[in-house]
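Hi,

Here is the structure I promised to pass on. Have a look at it first, and my notes follow below.

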Amino acid sequence: QVQLLESGGGLVQPGGSLALSCAASGSIFSINAMGWYRQAPGKPRELVASITTSGGTNYAGSVEGRFTVSRDNSKNTVFLQMNSLKPEDTAVYYCYGEVRSSRYAGHFERWGQGTQVTVSS
């Protein structure tokens, strides 16, 4: 069993910053890509940022230059630093990881439970 546990969401004013973290635990042999999606009310889930094991990153155009994704491979943890937040960043943020549970298993996507980020004055 693999669990991803997020923390760090909350309420922030426009222009403010928040930091999210997500730690994977359980039966983990390795993790390929990790990252973050978000879903606002009435909208589909969208990719925010992803990061490979070697540190290669990919960002949605709407967050590039404001958000930074990073990871600590030794702790199976992925982070999302969000700066210059806008009301349109309001959403539930979900972390994910492509987890391999054993040497003989394939990689499967595992998801966190989601954390609410609200940007409002």
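**What I found**

S1 and strand S3 (residues 18-26) run antiparallel and are joined by six bridges. Strands here are DSSP runs (E, at least two residues), numbered from the N terminus, and two of them pair if DSSP finds at least two bridges between them. Within this pair, Leu4 has Ala24 in S3 as its bridge partner.

Before you go further: this is a predicted model, where local features need pLDDT of at least 70, side-chain atom pairs count only at pLDDT 80 or more, and totals for chains, interfaces and linings use all residues. Residues are numbered from 1 along each chain as its sequence is written, and side-chain values use heavy atoms, leaving out hydrogens and water.

S1 and S3 belong to an open, antiparallel sheet of four strands, ordered S1-S3-S8-S7. Strand S1 (2-7) and strand S7 (67-72) are at its edges with a single partner strand each, so one side of each has no neighbour in the sheet.

There's also a hairpin: S9 and S10, with six residues between them. Five bridges hold strand S9 (residues 91-100) and strand S10 (residues 107-111) together, running antiparallel, and Arg100 sits opposite His107 in S10.

Cheers
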